[in-house]
Amino acid sequence: MVKLAREDIRTTEVLDWKGLHLIHFMGSSCSQKTRIALAEKGVEWESHHCDIGANENFTPWFMGINPRGLVPILVHDGDVHIESNDIIEYVDETFDGDTKLFPSDPDERAEMDRLMKYEDDLHLCVRALTFRYFMPVEKMRKPDEAVDIYEKEGADTVGGQEDGRKAIEVKFWRDMNANGGITDEQVIEATDEFTKAFAMLEERLEKHEWLMPSGFSALDIAWWITVFRITRMGFPLDRFPKLKAWHDRLLAREHFARETALPPPVVEISKAHQAACAAAGQSMTDVMAAHGR
Ligand SMILES: N[C@@H](CCC(=O)N[C@@H](CS)C(=O)NCC(=O)O)C(=O)O
């Protein structure tokens, strides 16, 4: 679990925050995942919204809380936790809540930890497809001046150790600017990863109703967010019938639909962008087909 050390934190006001606080962005998949888990647990929290579309996560205030410059961040009685899957694990272990999201059996737990990490490792693929298909590139890209600020702000340590994550993020934003957006190669790399991952999930769902044999868990929440987002961006989920049925079943569950709903004007802009991509023969399935997928 990633709990920050005192020396990682420059925005010291958070050390005095009492209770449970989530710094998050409405449309961020990692924030949505965390909010669903908190709702499933029935745990109350105080909201601090951070508009990452307006680069509020690159400000000295935000970078002084999470040196990686990413949402979500959980602050519990002055302790700062980052990384969405770790936050969910922390919440599950700290609060009894309405349900248990991680299994107690050690073998199941080891299997689940591996699959949670697998989901987290694909996050830059989620981002690549989102930044290509959610909205036009000029609305999505981070100007170089914003990336310059990001690069220089924050402690650059996590848990008191030098941290390499920001450099990976900076490279993503700089490459995107240098390439004029997300390239077809990135689309194929990401859709190949998801095709492989979704086949693995399909196989699990052939054996049981939920991703873990013992029942609904944090693994369903974490992977659902990924499947939901990629499908919204145009991935052909009907290639995986069991996964599609599981996706639809969870979308019908109150917290899943509520925490991923976007304001209608945003949905309209996104739909228009995807229609324009399709009209230009550049939808996700067009790019996949052009590369024999
Ligand atoms: N592994 C991290 C990834 C966090 C992450 O990349 N968050 C995204 C939103 S989903 C973010 O903050 N992006 C910053 C930006 O777009 O400026 C986690 O699971 O919390």
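This is a short tour of a predicted model, stop by stop, with something to select at each one.

Before you start, note that residues are numbered from 1 along each chain as its sequence is written, and that side-chain values use heavy atoms, with hydrogens and water left out. Local features need pLDDT of at least 70 and side-chain atom pairs count only at pLDDT 80 or more, while totals for chains, interfaces and linings use all residues.

**Stop 1: strand β4**

Select residues 73–76, which make up strand β4. Helices (H or I, at least four residues) and strands (E, at least two) are DSSP runs, numbered from the N terminus. In a regular strand the side chains alternate between the two faces of the sheet. What covers the picture here, buried or exposed residues? Ile73 and Val75 on one side of β4 are buried, and so are Leu74 and His76 on the other. Buried means under 20% relative accessible area, exposed over 50%, and partly exposed in between (1.4 Å probe, protein chains only).

Two strands pair if DSSP finds at least two bridges between them. Strand β2 (residues 20–24) runs antiparallel to β4 and is joined to it by four bridges; Leu22 has Leu74 as its bridge partner. β4 and β5 form a hairpin with two residues between them, and Asp77 in the turn has a positive phi of about 45°.

**Stop 2: His21**

Stay on strand β2 and select His21. With 5% relative accessibility, His21 counts as buried. Show side chains and look for His48: the two side chains make a polar contact at 2.8 Å. A polar contact is a pair of N or O atoms within 3.5 Å; within protein, one must be able to donate a hydrogen and the other to accept it, and residues adjacent in sequence count only if both atoms are side-chain atoms. Leaving out residues up to four places away in sequence, His21 touches Glu46, His48, Ile73, Leu74 and Val75. Contact means heavy atoms within 4.5 Å.

**Stop 3: either end of the hairpin**

Select Pro72, in the loop between α2 (60–63) and β4. The peptide bond from Val71 to Pro72 is cis, with omega near 5°.

Then move to Glu83, in the loop between β5 and α3 (84–94). Phi of Glu83 is near 75°, a positive value in a residue other than glycine.

**Stop 4**

Asp156 sits in the loop between α7 (144–152) and β6 (157–158). Asp156 is not a glycine, yet its phi is positive, at about 65°. With a relative accessible area of 33%, Asp156 is partly exposed.

Asn55 lies in the loop between β3 (46–49) and α2. At 17% relative accessibility, Asn55 counts as buried. Beyond its neighbours within four places in sequence, Asn55 is in contact with Lys142, Pro143 and Ala146.

**Stop 5**

Select α5 (123–133). Nine of its eleven residues are buried, so α5 is largely enclosed by the rest of the structure. Among the buried ones are Val126, Arg127 and Phe131.

The structure holds one cavity of 30 Å³ or more. Its lining is Ser29, Cys30, Lys33, Glu119, His123, Val126, Ile225 and Thr226. α1 (29–41), α5 and α10 (218–232) each give two or more residues to this lining, and α1 has the largest share, with three. On a 1 Å grid over the protein atoms alone, a cavity is a set of points where a 1.4 Å probe fits but cannot get out, and a pocket is an open set with protein on both sides within 12 Å along at least five of seven lines; lining residues have an atom within 4 Å of a point.

**Stop 6: the second largest pocket**

Finish by selecting Asp121, Leu124, Cys125, Ala128, Ile168, Lys171, Phe172, Asp175, Asn179, Gln186, Glu189 and Ala190, which line the second largest pocket. α5, α8 (165–179) and α9 (184–207) each give two or more residues to the lining. Which element gives the largest share? That is α8, with five residues.

Terms used
Points joined across faces, edges and corners; volume = space filled by probe spheres on them.
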